[in-house]
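Hi,

Here is the structure I promised to pass on. Have a look at it first, and then read my notes below.

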Amino acid sequence: MSSVGEGLVERGLDFIRKLDEYAGLKRRLVLVKHEVTTNPAYGKVPSERTLNEKLRLGIINLDKPPGPTSHEVVAWIKKMLGLTKAGHGGTLVPR
Amino acid sequence: MSGVLPVALESASKIIGYLMLSTKEYVAVMQLHGHVSEERLKKIIKSFVGRIYQKPPVRSSVKRALRIKEIYNIEILEIQYPFVLMRIECEHGTYVRKLIHDIGDILGVGAHMRELRRTRTGPFKEDETLVTMHELSEATYMWKQMNDDKPLSDIILPVEFGVSHLPKVIIMDGAVSAITHGADLAVPGIAMLHEGIRPGDAVGIFTLKGELVATGIARMSTEQIIQSTKGIAVKTKRVIMNKDTYPRLWGRRKSQ
């Protein structure tokens, strides 16, 4: 086992376990390779992304207020955060 | 209608289809137009759990053809005549207003939906990650006017949460670049994966650091992948990661 990036794999796998827990996904991870490492020079654990990185690769768990359409709410968020693109998961009719 | 509406930003928008097609949960208030016994009410509501036929309402965004939708569960939370508060867990695209109208028809007295709130969209629920427009606008103010980006940074979840309900395939660093260029995932690139994956399942392809590279459709089961040394394991569907995140190690002659 290589020492560089070993702790990084642990942190990466911890993050993946956190995702599974968030979604209530109860599945075991099965190891295929005996030796796994990842190079710290490329990419990063998603929880360590900067705000600018999150604005490009992020998602907001929004509590939509009654009244405006889902479309209007997304348009406000786009304008507020200065984004070119945003999308929502499943239309909620206004009322 | 209010409630859980995940909003994906910029490149994260590519995963929105996986949320649209995900299970939804609602809390709704049904108003009965006449009296029915509690026993009958419970029995009829229970009969709507399972596969039901549903015709989309007049004012709807889809073709008004009879569709089959699955209702996974209906739980009566409270009865205060003429109101019935219930939690409904259903397949995407189910019209709750219509479901309640149909329950009223079968009860014989008629009913309509008084209030509706979505409490779950796929992996997103009413938990500590849920934020109001007010909280979002306050955090944006802190960022833009006060130069404090922590509140907004805390609110925005990594895109990975949006596909957290999918089974995952974790790949070696060396396989990442090819996937971001659209290649399918071959068995040798896989480091680990979830048990129980079957051919045809939608899966998330992740790096060992936990980053989402792409989504795909499994071509092999977990067992087949473990037992194979080659072949296409996952057909790449949507690439999320930027192409230049990991170095390109393929398609070039080996240099010394």
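Let's begin with how the two chains meet: 60 residues of chain A are in contact with 69 residues of chain B. Bear in mind that this is a predicted model.

On chain A, the elements that each give two or more residues to the side touching chain B are helix H1 (6-23), strand S1 (29-31), helix H2 (51-56), strand S2 (58-64), helix H3 (70-81) and strand S3 (86-88). H1(A) gives the most, with nine residues. If you sort the residues on that side of chain A by class, you get 34 nonpolar, 14 polar and 12 charged.

The chains also share strand pairing. S2(A) pairs with strand S1 (residues 2-9) of chain B, in the antiparallel sense and over six bridges.

Glu10(B) sits in the loop between S1 and helix H1 (16-20) of chain B. Its phi is positive, at about 45°, although Glu10(B) is not a glycine.

Now for chain B as a whole.

Next, a helix pair in chain B. The axes of helix H2 (residues 38-46) and helix H3 (residues 96-107) of chain B come within 10 Å and cross at roughly 130°. That angle is why H2(B) counts as oblique to H3(B). As for handedness, the crossing of H2(B) and H3(B) is right-handed.

Which residues make the contact between H2(B) and H3(B)? From H2(B) come Leu41(B), Ile44(B) and Ile45(B), and they meet Ile103(B), Ile106(B) and Leu107(B) in H3(B). By class, that contact has six nonpolar residues, with no polar and no charged ones.

The peptide bond from Tyr81(B) to Pro82(B) is cis, and its omega is near 5°. To find the place, go to the loop between strand S4 (67-80) and strand S5 (83-90) of chain B, where Pro82(B) lies.

That's what I have for now.

Cheers

Note on methods. Residues numbered from 1 in each chain as written. Chains lettered and ligands numbered in written order. Predicted model: local features only at pLDDT ≥ 70, side-chain atom pairs only at ≥ 80, totals over all residues. Contact = placed C-beta atoms within 7 Å. Helix = DSSP H or I, 4+ residues; strand = E, 2+ residues; numbered from the N terminus. Nonpolar A, V, L, I, M, F, W, Y, C, P; charged D, E, K, R; others polar. Pairing = 2+ DSSP bridges. Axes fitted to C-alpha atoms, helices over the stretch in contact; angles between N-to-C directions. Parallel < 35°, antiparallel > 145°, perpendicular 65-115°, else oblique. Left-handed = near helix turned anticlockwise from the far one by under 90°.
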